[in-house]
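Please look over the sequence and the structure shown below. The briefing that follows takes the fold, the core, a helix pair, the ligand shell and some backbone details in turn.

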Amino acid sequence: MRVRIALAEKGIKYESKEEDLFDKSPLLLEMNPVHKKVHVLIHDRKSIRESLIIVKYIDEVWHDKSPLLPSDPYQRSQVGFWADYTDKKTTLMLEGVGGLLDVEVASTLTKEANDLSLPSTEEKVDH
Ligand SMILES: N[C@@H](CCC(=O)N[C@@H](CS)C(=O)NCC(=O)O)C(=O)O
């Protein structure tokens with residue numbers, strides 16, 4: 001989902017291929033031989049894997065359009081931390097051994113997200 005959002009924010013046209021995760025295509029297995037998972041971005045005949053890495057890649061390659069990540073290294077590290085945290089929680093939940101975010105973590109997450117003061121959509125368009 002966040003890869004699609006990043007592409008949409010940047011206004012990048014792309015071709016999307018649906019995957020049957022119970023019968024993975026040879027292309028997916030070739031492009032992501034380590035994890036064999038979606039999403040994979042194929043750009044200039046090269047594959048970029050892992051959604052957070054793909055988002056960073058998109059932001060760097062199309063850096064002249066709508067920045068997706070904060071320019072401040074500390075703020076960027078916080079975005080990376082919570083994106084990674086969400087990934088791990090989601091994976092645990094999908095594997096059936098995790099649970100929902102507890103109240104304390106959810107409250108910390110909200111506070112940190114607010115503290116980041118990310119640029120609004122309007123500000124992004126102006127840059
Ligand atoms: N950390 C990876 C997670 C990718 C992931 O879990 N993809 C799931 C679909 S949302 C998948 O391909 N599952 C198939 C499988 O595990 O075999 C990312 O962010 O790209």
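**Overall fold**

Read from the N terminus, the elements of the chain follow the order α-α-β-β-α-α-α-α, which amounts to 6 helices and 2 strands. Helices (H or I, at least four residues) and strands (E, at least two) are taken here as DSSP runs, numbered from the N terminus. This is a predicted model, in which local features need pLDDT of at least 70 and side-chain atom pairs count only at pLDDT 80 or more, while totals for chains, interfaces and linings use all residues. Residue numbers start from 1 along each chain as its sequence is written.

**Burial and contacts across the chain**

- Of the 127 residues in the chain, 9% are buried, where a residue is called buried if 20 or more other C-beta atoms lie within 10 Å of its own, exposed if 12 or fewer, and partly exposed in between, with C-beta atoms placed from the backbone.
- Among contacts between residues at least 6 apart in sequence, 48% join residues at least 24 apart; two residues are in contact if their C-beta atoms, placed from the backbone, lie within 7 Å.

**Nonpolar core**

- The largest nonpolar core consists of 10 residues, namely Val3, Ala6, Leu28, Val40, Leu41, Ile48, Ile54, Val55, Ile58 and Leu68; such a core is a set of buried Ala, Val, Leu, Ile, Met, Phe, Trp, Tyr and Cys residues joined through C-beta atoms within 7 Å.
- At least two residues of this core come from each of helix 1 (2-10), strand 1 (40-43) and helix 3 (51-61), and helix 3 gives the largest share, with 3 residues.
- Ile48, a member of this core, is in contact with Leu41, His43, Ile53, Ile54 and Tyr57 when its neighbours within four places in sequence are left aside.

**Helix 1 against helix 3**

- The axes of helix 1 and helix 3 come within 9 Å and cross at roughly 10°, the axes being lines fitted to C-alpha atoms, for helices over the stretch in contact, with angles that run from 0 to 180 degrees between N-to-C directions.
- Helix 1 is therefore roughly parallel to helix 3, a description that applies to angles under 35 degrees.
- Helix 1 contributes Arg2, Val3, Ala6, Leu7 and Lys10 to this contact, and helix 3 contributes Ser51, Ile54, Val55 and Ile58.
- By class, the contact has 6 nonpolar, 1 polar and 2 charged residues, with Ala, Val, Leu, Ile, Met, Phe, Trp, Tyr, Cys and Pro counted as nonpolar, Asp, Glu, Lys and Arg as charged, and the others, Gly among them, as polar.

**Ligand shell**

- Around the ligand are Leu21, Lys36, Lys37, Val38, His39, Glu50, Ser51 and Asp87, each counted if its C-beta atom, placed from the backbone, lies within 6 Å of the molecule.
- This shell comprises 2 nonpolar, 2 polar and 4 charged residues.

**Backbone details**

- The peptide bond from Val38 to His39 is cis, with omega near 5°, and His39 lies in the loop between helix 2 (26-31) and strand 1.
- Lys36, found in the loop between helix 2 and strand 1, has a phi near 55°, a positive value in a residue other than glycine, and Lys36 is partly exposed because 14 other C-beta atoms lie within 10 Å.
- Ser66, in the loop between helix 3 and helix 4 (73-94), has a positive phi of about 25° although it is not a glycine, and 19 other C-beta atoms within 10 Å make Ser66 partly exposed.

Notes
Parallel < 35°, antiparallel > 145°, perpendicular 65-115°, else oblique.
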